[in-house]
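Please look over the structure below before reading the briefing that follows.

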Amino acid sequence: MQGTRIVLGSVTPQNIKQLERFHQVMFPVSYNDKFYKDVLLGSELATLASFADTAVAVACCRVGHSQTQKRLYIMTLGCLAPYRRLGTGTKMLNHVLNICKKKGLFDNIYLLVQISTESAVDFYRKFDFEMIETKNCWKRTEPSGAHVLQRSLEVPSGQKADVQCADDRQLNRLRRNFVVLHK
């Protein structure tokens, strides 16, 4: 079952309910209808991983901004327990990293990891993510704290990831293409 039988596919109107069920099982946070509508607007970074036509992992991201940086926010990235340690999560995260590398427009990638999931922190550290802060994020979830993890990315020379320097058409295209992944 090692990663080779895992197939990555886009989230579509035909499989959005599968994504909703997956999130209900995997994450302690409830996502509203707007979240799923936004996922459908994106393409490359709203990804389901399937094994034998069953969703076993998800990755949902969106473009985030600070005053001086363009960032990719992983809103959800999760893998069902039986498919962990088989390369599935690695395949999902590498998919996200490859898209960032191909686009070459992001200063960094960041995500929130619930403080009780040290295995997730260890997973992201293997991919050069660093813990930059811990904060209280969720009101209806215990524990409510989250580690903010971040990985800096290289921007190819001659390109600027700076939001203030990005072309508006390019930003709009990125907004349409990037949606959701880990909370």
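In which helix do Lys 17 and Glu 20 lie, and how many residues apart are they? Both lie in helix 1 (residues 16-26), 3 residues apart, which is about one turn of the helix. This is a predicted model, in which local features need pLDDT of at least 70 and side-chain atom pairs count only at pLDDT 80 or more, while totals for chains, interfaces and linings use all residues. Residues are numbered from 1 along each chain as its sequence is written, and side-chain values use heavy atoms, with hydrogens and water left out.

**Salt bridges**
- The whole structure holds 2 salt bridges, a salt bridge being a side-chain nitrogen of Lys or Arg within 4 Å of a carboxyl oxygen of Asp or Glu.
- Another links the side chains of Lys 34 and Asp 38 at 2.8 Å, N to O; Lys 34 is exposed at 53%, whereas Asp 38 is partly exposed at 28%.

**Strand 7**
- Gln 150 lies in strand 7 (residues 145-152) and is buried, with a relative accessible area of 18%.
- Leaving aside neighbours within four places in sequence, Gln 150 has contacts (heavy atoms within 4.5 Å) with residues including Arg 71, Tyr 110 and Phe 129.

**Helix 3**
- The buried residues of helix 3 include Met 92, Leu 93 and Cys 100, and just after this helix Gly 104 takes a positive phi of about 65°.

Terms used. Buried < 20%, exposed > 50% of the residue type's maximum accessible area, 1.4 Å probe, protein only. Helix = DSSP H or I, 4+ residues; strand = E, 2+ residues; numbered from the N terminus.
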